[in-house]
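Subject: Structure for your review

Dear colleague,

Please find below the structure that I am handing over to you. A short account of the findings follows it.

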Amino acid sequence: MKEDKVIIPISKDLVYDVRQIIENGLQQAFFSTSAIALATYWNIGRRIGEEEQKGNIRAE
């Protein structure tokens with residue numbers, strides 16, 4: 001049996017708002033990911049620095 005499809009009109013405002021919500025979410029995800037990556041690499045550098053200093057205030 002073939003089902004009849006119902007077409008519901010969608011306003012341009014709805015499409016625009018949904019697009020903005022998606023773009024904002026993607027932008028937030030990008031910035032969050034960048035911040036996490038930055039913190040990760042900073043912590044790696046800090047840990048390497050600690051190892052090089054071997055407990056001293058400054059490396060030799």
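In what follows, buried means under 20% relative accessible area, exposed over 50%, and partly exposed in between (1.4 Å probe, protein chains only). The model is predicted, so local features need pLDDT of at least 70 and side-chain atom pairs count only at pLDDT 80 or more, while totals for chains, interfaces and linings use all residues. Residues are numbered from 1 along each chain as its sequence is written, and side-chain values use heavy atoms, with hydrogens and water left out.

Two salt bridges were found in a search of the whole structure; the term denotes a side-chain nitrogen of Lys or Arg within 4 Å of a carboxyl oxygen of Asp or Glu.

One of them joins Arg46 and Glu50, at 2.9 Å from N to O. These residues lie four apart in helix α1 (residues 12-53), about one helical turn; helices are DSSP runs of H or I with at least four residues, numbered from the N terminus. Arg46 is partly exposed at 37% relative accessibility, and Glu50 is partly exposed at 39%.

Arg47 and Glu51 form a salt bridge with their closest N and O atoms 3.3 Å apart. Both residues are in helix α1, again four residues apart. Arg47 is partly exposed at 43%, as is Glu51 at 44%.

Finally, Leu26 belongs to helix α1 and is exposed, with a relative accessible area of 59%.

Yours sincerely

Technical notes. Helices (H or I, at least four residues) and strands (E, at least two) are DSSP runs, numbered from the N terminus.
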